[in-house]
Amino acid sequence: NKVFVAGEIDLNLEVLDKLLKFVEDGGHLILSISQLPKDKSLLRLFEIDSIVDSVTTCKEAIYRGNRYLEKPFEVKGVKLLKDADIIATAEGFPLIVRIAKGKGKIDIICTPFGINSEAEKEMIINNLPENTIPLVYDFLNIIKAYLNDIWNEELIIDLDNRNLQYCVNLLEDGKVMTLSVTNNTDETQSFNIKT
């Protein structure tokens, strides 16, 4: 089971308690450094001593041996209370760290929300008729690759045609699955189901 915390959220004590109980019971929590509590005593619940004040701007990152060139993005350092696995780095700095806690684990993305620095600035978005809405808050390519790997761990069924969208529902009894496949193209599409 995985929980990905997205966007600006106030991790109040009730939410923190639920998330940390989820991790202690074997869950996998993924969040950004910007979403961590500011209070040092609450940070310790995440096995973090402190978040470093200084910020490093990077343009390159490495994940699973692959190099990603990105628009400039900020990396904040964390001082951990115990050892952690470094999942990805950015110019020598930890970009994604994994901390074991209880039966589960916590992944911290050490760049604000996993997006580039331009997207963090206040922007005016024009939604003009017949124009594509700009995707301002797009994840860094390395974060997309990492999240793709994380979600693919949960796949029950997959299709071999990326032009199609699909949704899988598993009924409560665990014996019946429903696969809904959607074709949003103008052409007939074929596919194979992989379990």
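Predicted model: local features only at pLDDT ≥ 70, side-chain atom pairs only at ≥ 80, totals over all residues.
Q: Which residues touch the most other members of the largest nonpolar core?
A: In soluble globular proteins, nonpolar side chains tend to be buried together. A nonpolar core is a set of buried Ala, Val, Leu, Ile, Met, Phe, Trp, Tyr and Cys residues joined through side-chain atoms within 4.5 Å. Buried means under 20% relative accessible area, exposed over 50%, and partly exposed in between (1.4 Å probe, protein chains only). Here the largest core has 40 residues, and Phe46, Leu95, Ile108, Ile142 and Tyr146 touch the most other members. Its largest share, six residues, comes from helix 4 (residues 141–152); helices (H or I, at least four residues) and strands (E, at least two) are DSSP runs, numbered from the N terminus.

Q: How many salt bridges are there, and what does Glu24 pair with?
A: A salt bridge is a side-chain nitrogen of Lys or Arg within 4 Å of a carboxyl oxygen of Asp or Glu. The whole structure holds 14 of them. Glu24 pairs with Lys101, with the closest N and O atoms 3.8 Å apart. This pair links helix 1 (residues 13–24) to strand 6 (residues 93–101), 77 residues apart.

Q: Is Lys101 buried or exposed?
A: Lys101 is buried, at 10% relative accessible area, whereas Glu24 is partly exposed at 34%.

Terms used: Residues numbered from 1 in each chain as written. Heavy atoms only, no water.
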